[in-house]
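Student: Can we go through this structure together? I'd like to understand where the labels come from.

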Amino acid sequence: METELKLKVAQGDLDRVRDHALLAGLAGATPEEHQLNDTYFDTPQLDLWRNGLTLRVRGDGDRWIQTVKTAQGGSAGLHERGEWECLLAGPEPDPVTLARQVKPKRIAELLRAPNIVNALRPVFNNTTRRTQWNLVLPDGQQVECSLDAGDIHVGGRNAPIGELELELKRGDPTPLFALALSLHQDIPLQIANDSKAARGYALLDSALPAPVKALPVHLTKKMRLEEALQCMGLNCLQQLEANVPGVLEGSVESLHQMRVGLRRLRALLDMFEDLAPLPEPVRDSLEWLSGELGAARDWDVLAGSTLARVKGAELGSLVASAELRARELHRALLPTLRQPRYTQLILQLNGWFHGRQWRLDGMPKDSPLRQRAHEAMAPLLHKAQQRLKKRIAALDENDAPARHRVRIAAKKARYAAEFFHDLLPAKASKRYIGALSALQDKLGLLNDLAVEDTLLAELAAHGPADEIRYARGYVTATSEAESHHLRAALDDIARLKLVK
């Protein structure tokens, strides 16, 4: 299993990284230089890739090395993958030989399957100049640092390679993020969410990257509460960062899922605020990112959802105006996600969760974070549950800001139950989460209608006036009608109890 942090480096900054004093100091020796020629093999149907594998033959001087890797896992930017390799006599792959050292049965069977072995062909290749240091960190951990510069070649298309890989030989990955932050202070870096193999396969397929929904959080009864917090936080970060490639390509659904990951993360941090407060500068950057992502999503909803519900009039010009504004905001997101502040935020959050940095100021012996999660979770869930019930009890259904506050409380209560789902009674948690989801859908629709009315007002100065007036009237009438059906869902929640 390899654990590495991948970072993108602009072509103009490659020499600055190569000459950086920090790397020279930690290495204590001149870096090695390699000229690599990598060819990736697969079937015409891309069976290996579709099964989560890559097969590469690397030419390095007079050596040929065959490598199979599994699809990446881990947290944002941190690639944790199975890897097996062997020497070859020449440039042709021999997966059957490699299969002998592969322990997972499913992978070994794929590498031996005649329909795959007999159909292998080159699908793309990389040419790379690799500068490699063997670093020894102050705590004694060893890191293999590789700077790659070159090109990916797919048919007649090329894509540049500028990548810094920090591969941990053994131990805790936290120092990788600290090292990356130190370099990032001098040279702007970006998190690399995809491997060279993934980029090559993406060039073979013009489809947008698929949106990534939240994966289940897996907790055990033996976990301490701080272990659960770490697991939950890295799960949220994984969803957030996994959707960046799609957002950069203008995918509406990837942006939605990235925002969901961010909302889940903020809800988690709010839940643990008294036990593990996030440093204020990092929290400020989270708020900044939330604001940057929100505007584009609001216009996506108006153009793709709200206006589609409006009946009785042709709104083609209005939809076109809303879609144009949404596209403009999607383009405006590109520099946001390439800003040094964004990279810094993701590295800081990873370091905070991986290193359990809430301990830095000391952790009381009686802190709930030291207790078993299944025992210490009750006050956290109870707090979320009671906050929601109080807001429901005080709610005027026609008060849009108050409805929005109830919606936020419902989201936080739902996310809390989903985070701890493995440690809760199955039937009770399923019923509770289902009721919260239903309430959230109703409140979400009402919130969308309130936001969309504001957006329509913004368009009034230069949009199709008649269509805007009709749409605003329809939105107002729908909002009034929907608010009358809200009380039943609110009463359902008030009757439910997840914890005492």
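Student: How many cavities of 30 Å³ or more are there?

Tutor: The count comes to two cavities. Keep in mind that this is a predicted model.

Student: What makes a space a cavity rather than a pocket?

Tutor: A 1.4 Å probe fits in a cavity but cannot get out, while a pocket is an open set of points. The largest cavity has a volume of about 100 Å³, and about 40 Å³ lies in the second largest cavity.

Student: Which residues line the largest cavity?

Tutor: Among them are Ala 267, Leu 380, Arg 387, Tyr 415 and Phe 419. Helices α11, α15 (373-393) and α16 each supply at least two residues of that lining. By class, the lining has seven nonpolar, no polar and four charged residues.

Student: Why does Tyr count as nonpolar there?

Tutor: Because the rule puts Tyr in the nonpolar list, together with Ala, Leu, Met and Phe. Asp, Lys and Arg count as charged.

Student: And what lines the second largest cavity?

Tutor: Lys 442, Leu 446, Glu 482, His 485 and Leu 486 do. They divide into two nonpolar, one polar and two charged.

Student: OK, pockets now. How much space lies in the second largest pocket?

Tutor: About 1300 Å³. This pocket is lined by 46 residues, and Arg 263, Arg 407, Lys 411, Tyr 415 and Gln 440 lie nearest its centre. The elements giving two or more residues to its lining are α11 (252-271), α12 (280-309), α16 (400-419) and α17 (426-459). With 11 residues, α11 gives the most. The classes here are 17 nonpolar, 11 polar and 18 charged.

Student: Where do α13 and α18 meet?

Tutor: Gly 316, Ser 317 and Leu 318 in α13 meet Glu 467, Ile 468 and Ala 471 in α18. The contact has three nonpolar, two polar and one charged residues.

Student: How many aromatic pairs does a search of the whole structure find?

Tutor: Six. One is formed by Trp 49 and Tyr 201, at 4.2 Å centre to centre with 10° between the planes.

Student: How do you know that Trp 49 and Tyr 201 are a pair, and what makes them stacked?

Tutor: Rings pair if their centres lie within 6.5 Å, and planes under 30 degrees apart count as stacked.

Conventions: Residues numbered from 1 in each chain as written. Predicted model: local features only at pLDDT ≥ 70, side-chain atom pairs only at ≥ 80, totals over all residues. Heavy atoms only, no water. Contact = heavy atoms within 4.5 Å. Helix = DSSP H or I, 4+ residues; strand = E, 2+ residues; numbered from the N terminus. 1 Å grid on protein atoms, 1.4 Å probe; cavity = no way out; pocket = protein on both sides within 12 Å on 5 of 7 lines; lining within 4 Å. Points joined across faces, edges and corners; volume = space filled by probe spheres on them. Phe/Tyr/Trp six-rings, centres within 6.5 Å; stacked < 30°, edge-to-face > 60°.
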